[in-house]
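Trainee: Could you show me how to read salt bridges and sheets in a model like this one?

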Amino acid sequence: MRVVASTNIGRLLRSSNRLSAVEAPPETRRFANVTLYPRLAAVTVDGTPLPFSPKEFALARTLFEEPGAVVSRERCREALGGMTGWKSERLLSVFIYAVRLKLRAAGAQLEVATVRGRGYVLRDH
């Protein structure tokens, strides 16, 4: 995964959009007004880049694989580097909170909802 400084993300996205004005790259994922660019390790809301850390991006990427489907807590922990133990539960909660906060602050029309006892689901609100 390539990590890109947030100041360069906008420029890279603009150049990427010029190259593929007709169709987005197949690995690009869009849900509601949020777009995830795996090759750029970037997330945008209505075209505005969000400053996601590498772990926040990895978590968002896992949730975007199947919007609307429940993603287990275990799978989310694996996306964060295969954390184990009681501390991993707390760290996962911290990263989920950070992703929720950034999406909400940017005006995303989706939410990361908790499914009690199962995991998390990405859905529009």
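Trainee: Is Arg123 buried, partly exposed or exposed, and what is its relative accessibility?

Mentor: Keep in mind that this model is predicted. Buried means under 20% relative accessible area and exposed means over 50%. Arg123 has 40% relative accessibility, so it counts as partly exposed.

Trainee: Which side chain does Arg123 meet in a salt bridge?

Mentor: The partner of Arg123 is Glu111, at 3.2 Å from N to O. Arg123 sits in strand β7 (residues 119-124) and Glu111 in strand β6 (residues 110-115), so the pair ties together parts that are twelve residues apart in sequence. Glu111 is partly exposed too, at 31% relative accessibility.

Trainee: What does the salt bridge between Lys102 and Glu56 tie together?

Mentor: Start with the contact itself: the two side chains meet at 2.6 Å, N to O. Lys102 belongs to helix α4 (residues 86-105) and Glu56 to helix α2 (residues 54-64), so this pair links parts that are 46 residues apart in sequence. Then check the surroundings of each partner. Lys102 is partly exposed at 23% relative accessibility, whereas Glu56 is buried at 8%.

Trainee: Where do Arg39 and Glu27 lie?

Mentor: Their side chains form a salt bridge of 2.8 Å, N to O. Arg39 is in the loop between β2 (34-37) and β3 (42-45), and Glu27 is in the loop between α1 (6-19) and β1 (29-31), so the pair ties together parts that are twelve residues apart in sequence. Arg39 counts as exposed, with 59% relative accessibility, while Glu27 is partly exposed at 25%.

Trainee: Now the sheet. In what order do the four strands of the open sheet come?

Mentor: Read across the sheet, the order is β1-β2-β3-β4, with antiparallel pairing. β1 and β4 (48-50) are at the edges with a single partner strand each, so one side of each has no neighbour in the sheet. On average, neighbouring strands of this sheet are turned by 25 degrees against each other, direction ignored.

Trainee: How many bridges join β1 to β2?

Mentor: Three bridges join this antiparallel pair. As for individual partners, Phe31 has Val34 in β2 as its bridge partner.

Trainee: And which strands does α2 touch when it packs on the sheet?

Mentor: α2 touches β1, β2 and β3, and its direction makes about 110 degrees with that of β2.

Notes. Residues are numbered from 1 along each chain as its sequence is written. This is a predicted model: local features need pLDDT of at least 70, side-chain atom pairs count only at pLDDT 80 or more; totals for chains, interfaces and linings use all residues. Side-chain values use heavy atoms; hydrogens and water are left out. A salt bridge is a side-chain nitrogen of Lys or Arg within 4 Å of a carboxyl oxygen of Asp or Glu. Helices (H or I, at least four residues) and strands (E, at least two) are DSSP runs, numbered from the N terminus. Buried means under 20% relative accessible area, exposed over 50%, partly exposed in between (1.4 Å probe, protein chains only). Two strands pair if DSSP finds at least two bridges between them. Axes are lines fitted to C-alpha atoms, for helices over the stretch in contact, and angles run from 0 to 180 degrees between N-to-C directions. Contact means heavy atoms within 4.5 Å.
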